[in-house]
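Biologist: I would like to go through this structure with you slowly, taking one feature at a time.

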Amino acid sequence: MGLVPLTGSRYYVFLLTDILIFGLFALSLNLLLGYTGLVSFGQAAYFGVGCYACGLLIKKAGISFGIAFAATGFFGAAAALIIGFFCVRLTRIYFAMLTLAFSQIVWAIVFKWNSLTGGDTGIYDIDFPKFLDSRAKYFYFTLAVVAISVFILRKIVNSPFGRILMTIRDNPERTEFIGINVKLFQLLAFIISGFFSAISGGLFAVFNHSIFPDFCYWPVSAEVLIMTLLGGMYSFFGPLVGAAVLLYLRLEVTSYTEYWPFILGTILVLLLFFFPGGIVGFLQDQIKRWRPAK
Amino acid sequence: MSFDLSFVVLQLLNGLTNAMFIFLIASGLSIIFGVLGVLNFAHGSLYMLGAYATYQCVSLFVDSPGQFWWAVIAASVAVALLGGIIERLLLRRLYHHVELNQLLFTYALVLILSDLARIIWGVDQLSVSRPAILRGAVEILGQYFPKYNVFVLFLGPCVAFVFWFFMLRTRWGRMVRAAALDRETLGALGVNVDRLFTVVFIIGSWLAGLGGALVAPVITIRPGMDVEIIINAFIVVVIGGLGSFWGTFLGALIVGPVYALGILVFPRLSMIFIYVIMVFVLITRPWGLLGRPLQR
């Protein structure tokens, strides 16, 4: 995959960078969804915070890309700390509604605070930094950042901390009984998830060269949920696969027809009815079927 | 800052008119959640289709007297039927799935229905003119207030009352309330719960369609009105209490005027203010002002 820029295809460089960014976004969501059992319907908030933190630090504060990007994740984590503090007190549908409500507040602030965020017109001309002045170089940078993030996320889910998250997912009441502070661990997962969502947002702000309030609007939260579900929320790399398939399809389909939402909706319906485990879940089932237990 | 009192009153009336529209939509959302346990993102899409269908019917019935009223009836019934078909053929199969799958299914409907509307009606802004009998305005404190809005202000409470009567005094209403509390027991008592679910979904869809049909003369009908309204409807049902009928009415009465008056005082913060109320209610009383804690 790292060799793709050498083929000189702008199309694939663009697509792969996009996939890496949204793959990281979906993976960060899945720390909550698949591993902790929390349905966040407001993940766009942290992606958006990442976008705007990175974009504003570069354009308005005049800070260099390196420092701005490094700070991005912490803005996301801070937002997740504040929002998560309230959200983890609720369960199930109420949790989902509260995450949605908070993300809409973030969107409304971004949308209305014209003097800072440019409101509806957004922020333009966020250039590649000097040392990453081409699509290919930015692709390598993205690849490195995502690889490191994936490595860390993988470490996290395989650590004792990750095991506790999965225990909470399977049965929060019992986890509480064995003396674990469930809310605290949920909050920690929320913050880590917000951190990496913001990192992906920061990557996207520079990749896209411009940012808009729409990046924090609730359909973005729905889309990243679809990616996660499409790939499979019960496998670590599932969300990345989901992002890859969805973004590839979108790029192909939109060159033929403008009715991509219709096709995405149809894919989603088929997925829910016939492949509830997502692509990776489906493949794992097939492999199990062909290779009987030893 | 000083405000002309009559202007504030007028703005309050506008806010209340909006509240009645939101109430029509949110009440359908709320009853569907209360009975079926499904949070229906596609409810806003049904509302949008109601508006588009009204536009279509008005142009079909162009020569008949009372064309607008026939269009409202035809459009809302068409939307109700669509809702029934969706529930029967698709949603029904997902009741035993996790909430997330139901949620995403209704989101898939949002995507599909929005594109269907684009295919059929295009992306232009459409409009429906007010029925002849309700054109013009009445004078209130020296300001002009559209007659149509007066009609809506009266209609909202009427619908609420009829609905309340239906829920409290009829056999179907009792079954609906029972289903919200304990669907297994109701089934064991010999009630056809499957059919009841379909009926509830049809009623909810009809209310969404009716809201869309009645709002058609006061807004421009355009793509995107589905995603905008659904969040407002969520806010209203969350504030009032998911599944609570009077809660929805109260929620609408809070959100409509707060938004309309908020715009006068803090033009930029009005929208944020509504979300903050929603967040505040969810944190302090997740089941809403008039709702009951979820037992399931």
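Biologist: What percentage of the 294 residues of chain A count as buried?

Modeller: A residue is called buried if 20 or more other C-beta atoms, placed from the backbone, lie within 10 Å of its own, exposed if 12 or fewer do, and partly exposed in between. By that rule, 49% of the 294 residues of chain A count as buried. Bear in mind that this is a predicted model, in which local features need pLDDT of at least 70, side-chain atom pairs count only at pLDDT 80 or more, and totals for chains, interfaces and linings use all residues. Residues are numbered from 1 along each chain as its sequence is written, while chains are lettered from A and ligands numbered from 1 in the order in which they are written.

Biologist: Which scores does the model carry, and what does chain B average in pLDDT?

Modeller: pLDDT is the predictor's confidence in each residue, from 0 to 100, and where it is low, the predicted coordinates should not be read in detail. Chain B averages 86, with 98% of the residues at 70 or above, and the model scores ipTM 0.84 and pTM 0.87.

Biologist: How many helices and strands does chain A have?

Modeller: Helices (H or I, at least four residues) and strands (E, at least two) are DSSP runs, numbered from the N terminus. Chain A has 13 helices and 0 strands.

Biologist: What radius of gyration does chain A have?

Modeller: The radius is taken over C-alpha atoms, and the globule rule is 2.2 Å times the number of residues to the power 0.38. For 294 residues a compact globule would come near 19 Å, and chain A, at 19 Å, agrees; along its principal axes the C-alpha trace spans about 55 × 45 × 35 Å.

Biologist: How many residues of chain A are in contact with chain B, and which helix gives the most?

Modeller: Two residues are in contact if their C-beta atoms, placed from the backbone, lie within 7 Å. On that basis 32 residues of chain A are in contact with 30 residues of chain B, and H4(A) gives the most to this side of chain A, with 12 residues. Counting Ala, Val, Leu, Ile, Met, Phe, Trp, Tyr, Cys and Pro as nonpolar, Asp, Glu, Lys and Arg as charged, and the others, Gly among them, as polar, that side has 27 nonpolar, 3 polar and 2 charged residues.
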